[in-house]
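Colleague: I have a model open and would like to learn how to read it. Could you take me through some features, with the general idea and then the case here?

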Amino acid sequence: MTEPHAACRAGVDIGGTFTDVALEHEGRLYTAKVLTDYEKPERAIVRGLALAAEEAGIAPATIQSVVHGTTLATNALIERRGARTAFITSEGFRDVIEMRNEGRFEQYDLSIQLPAPLIPRCDRFPLAGRLDASGKELVPLDEAGLDRIIESIRAAGYTSVAVGLMHSYRNGAHERQVRDRLRRALPDVSVSISCEVSPQIREFERFNTVCANAYVKPLMSSYLGRLAQALEAEGMRCPLYMIHSGGGLMSLESAAEFPVRLLESGPAGGAIYASHVAARYGMERVLSFDMGGTTAKICLIEDLHPKTARTFEVARTYRFKKGSGMPISIPVIEMVEIGAGGGSIAHVDDLKQVRVGPESAGSEPGPACYGRGGERPTVTDADLVLAKLDAKRFAGGSITLDTDAAKTAVRVHVADPLQGETVQGAYAVAEMVDENMSNAARMHAVESGRDLSEFTMIAYGGAAPLHAARLCEKLGMDSLVVPPGAGVGSAIGFLRAPFGYESLRSAVMRLSRFDTGVVNRMIGEMNEEVSRFLAETGHRGQTVRELRAYMRYAGQGWEIPVEAPDGELDGATLERLRVNFVEAYTQLFGHEVAGLDVEVVSWALSLRSEAVAPERVQASAGAASATRAECPPIDSRQVFDAKTGAFLDCAIYDRASLPRDTRLDGPLIVTEKETSTYVSPDFGLVLQADGCLLIQRRQGKGA
């Protein structure tokens with residue numbers, strides 16, 4: 001199969017508002033941004049690829065590989081529009097996904113609202129049969145009871161079935177037995193089993209993950225099949241790869257079988273993009289900020305690698321509150337995601353407070369200024385009223401914005417209820433969305449024990465460069481980078497992603513009573529799994545293998561990731577593992593706990609293709625600040641600045657014509673095809689040798 005790093009390849013990211021395309025051909029990058037097609041998303045992909053290919057001067061059939069990421073699975077979970085799904089679980093555990101883990105994320109809220117379980121109680125079927133915690137059979141599977149359940153599933157017309165039995169992470173025999181009988185009796189019904197989807201300890205998270213996989217599997221299988229056919233119809237008979245939530249590439253077949261791995265695929269591409277930029281400049285501490293049309297994503301990147309986790313939450317009912325969402329237990333690049341994008345809808349609540357999001361106007365009908373029937377104000381409408389956007393240059397001139405419609409929407413829905421002026425209403429909307437994103441970044445940093453003033457922000461996505469400077473002001477950050485192609489950053493990140501897959505297994509075991517034979521066999525099975533997934537992509541090059549153990553002191557409730565010695569485990573490697581745990585624990589908590597035994601809860605084995613390190617670039621602070629006479633802008637206009645609370649005379653520059661290594665002080669706006677970058681009066685800008693915009697706080701302009 002053709003490698004995705006061939007001469008001509010494309011990355012495609014479907015968002016809630018726009019579908020972004022990045023095409024790399026003979027070392028040059030060509031991009032396109034088209035409105036997402038909700039009825040048939042593949043049509044927007046084909047249209048975007050055709051536009052990018054036309055700009056590159058090639059036929060679409062020339063493209064040798066396509067890497068794709070999408071939020072369709074995530075949106076299906078949030079909007080509850082997946083397949084009608086049945087859940088078969090162990091007798092006595094029917095209500096696990098509804099009881100959750102009994103944690104209260106808002107301790108004093110008497111009206112606390114937990115997310116409704118993905119599968120209602122009437123669609124859950126208990127089945128007798130039981131394994132113990134070590135995977136040994138205590139009670140045989142009730143085959144007669146299973147046959148009765150199968151008949152109920154047939155009669156009710158379910159299209160998908162999730163199977164989650166107790167302790168199947170140690171032994172999946174019972175789950176595989178259920179799957180085999182289901183497939184023989186109901187060959188047209190999709191089946192997902194937890195021992196393959198998420199073989200990890202903690203039944204609530206594992207059950208919820210397999211239910212989510214089954215819920216979106218028919219939808220995603222159908223979509224991926226249509227996409228492959230649509231590309232082939234346009235002559236693009238090239239390999240199609242999917243990027244998973246952990247930031248690696250997987251085959252179309254694996255993605256269709258485990259679509260839950262795609263839930264954070266788009267944001268993962270953006271984090272890879274930011275990591276690539278950080279590596280070029282040797283930035284050890286980076287906050288990536290991705291703001292598109294529907295959501296904003298924030299991720300910490302340290303030592304050139306984004307922070308990762310084994311679980312994340314979808315559809316939180318309380319903004320920023322861990323525990324208020326639907327837990328998904330898969331490897332993922334850890335980030336905070338909130339409903340704060342250009343299309344996020346603003347309104348005034350009963351307390352006369354301005355609220356923004358999480359509801360989005362999307363691409364249909366879109367913001368009021370799009371002229372597609374939207375009447376409610378969005379962040380994009382507010383930015384247009386504040387003159388941060390040029391009505392004639394939006395999206396490279398492909399969309400002409402209606403300024404009057406934006407003003408009317410802001411006035412009717414925000415300014416009039418607050419008895420203010422239209423500009424004041426737009427200011428309130430923009431400031432509220434910026435504060436929401438700043439709060440999310442602060443909370444993410446505090447939870448990770450980090451001080452954001454020591455970090456550099458990398459901004460990408462269609463709306464992020466417009467809001468990034470204000471976020472830096474609020475967060476006390478002094479440096480900001482807007483890389484080339486920032487408006488389609490996630491799609492570019494797809495082109496930088498390695499082939500890779502991560503396998504997870506749980507087997508709670510104290511080091512004092514460690515069974516190396518059991519664990520070595522388990523790691524061998526994990527190695528076969530990751531090798532098989534990598535082989536499906538057609539990759540034949542060099543690979544990097546990494547083994548991690550998730551460990552804790554005996555008696556603790558949660559574990560931390562620890563680098564594990566690779567190879568056969570024996571007495572020497574176990575001692576090395578203990579030392580690594582103590583070092584990691586001390587680094588996190590400042591001390592070790594003497595006299596306590598240590599245990600391993602889970603193992604993670606990843607295999608990925610070897611990445612080529614990007615060429616290093618030395619950041620330039622630029623010469624003395626240039627005047628407008630020395631570096632004339634293409635235009636100027638009055639633009640509202642949030643910190644000063646006034647309209648300021650703002651120079652407008654075209655990114656393609658900016659001089660390199662010349663410092664320009666704000667206020668100014670840099671326009672390009674997919675986005676615009678606002679530089680406030682406190683900051684100055686220097687175009688770097690590789691095309692990045694380095695924006696730094698001016699001397700004497702304290703945070």
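Predicted model: local features only at pLDDT ≥ 70, side-chain atom pairs only at ≥ 80, totals over all residues.

**Reading strands, helices and loops**

Modeller: Let's begin with a pair of strands. Strand 29 (residues 635–641) and strand 30 (residues 646–654) run antiparallel and are joined by seven bridges. Residues are numbered from 1 along each chain as its sequence is written, and side-chain values use heavy atoms, with hydrogens and water left out.

Colleague: What does pLDDT tell me, and what does the protein chain average?

Modeller: pLDDT is the predictor's confidence in each residue, from 0 to 100. The protein chain averages 89, and 97% of the residues score at least 70. Over residues 1–6 the pLDDT is below 50, and this stretch has 22 contacts in the model beyond near neighbours in sequence. Contact means heavy atoms within 4.5 Å.

Colleague: Back to the strands: which residue stands opposite Ser636 in strand 30?

Modeller: That is Ala651. Strand 29 and strand 30 form a hairpin with four residues between them, and Gly645 in the turn has a positive phi of about 70°. Strand 30 also runs parallel to strand 32 (residues 668–671), with four bridges joining them. There the bridge partner of Ala651 is Leu668.

Colleague: Where does Pro667 lie?

Modeller: Pro667 lies in the loop between strand 31 (663–665) and strand 32. The peptide bond joining Gly666 and Pro667 is cis, with omega about 10°.

Colleague: How should I read the side chains along a strand?

Modeller: In a regular strand the side chains alternate between the two faces of the sheet. In strand 11 (residues 240–243), Leu240 and Met242 point one way, Tyr241 and Ile243 point the other way, and all are buried. Buried means under 20% relative accessible area, exposed means over 50%, and partly exposed is in between (1.4 Å probe, protein chains only).

Colleague: Which strands pair with strand 11?

Modeller: Strand 4 pairs with strand 11 in the parallel sense over three bridges, and His68 stands opposite Met242. Strand 12 (residues 249–251) pairs with strand 11 in the antiparallel sense, also over three bridges, and in strand 12 the bridge partner of Met242 is Met250. The hairpin of strand 11 and strand 12 has five residues between the strands, and Gly247 takes a positive phi near 95° there.

Colleague: Now a helix, please. How many residues has helix 7, and what is its reach?

Modeller: The expected span of a helix is 1.5 Å times one less than its number of residues. Helix 7 (residues 203–233) has 31 residues and reaches 44 Å from its first C-alpha to its last, close to the 45 Å expected.

Colleague: Where does helix 7 bend?

Modeller: The bend at a residue is the angle between axes fitted to the seven residues ending there and the seven starting there. Helix 7 bends by about 45° at Lys217, and Pro218 follows within four residues. Just after helix 7, Gly235 takes a positive phi of about 90°.

Colleague: Which loop holds Lys352, and is Lys352 buried or exposed?

Modeller: Lys352 lies in the loop between strand 21 (344–348) and strand 22 (354–360). Lys352 counts as exposed because its relative accessibility is 52%. Although Lys352 is not a glycine, its phi is positive, about 65°.

Colleague: And what of Gln419: buried or exposed?

Modeller: Gln419 is exposed, with a relative accessible area of 78%. This residue is found in the loop between helix 11 (403–415) and helix 12 (422–447), and has a positive phi of about 55° although it is not a glycine.

Colleague: What about Ile63: buried or exposed?

Modeller: Ile63 counts as buried, at 3% relative accessibility. Its place is in the loop between helix 1 (41–56) and strand 4 (65–70). Leaving aside neighbours within four places in sequence, Ile63 is in contact with residues including Cys8, Leu23 and Met236.

Key: Helix = DSSP H or I, 4+ residues; strand = E, 2+ residues; numbered from the N terminus. Pairing = 2+ DSSP bridges.
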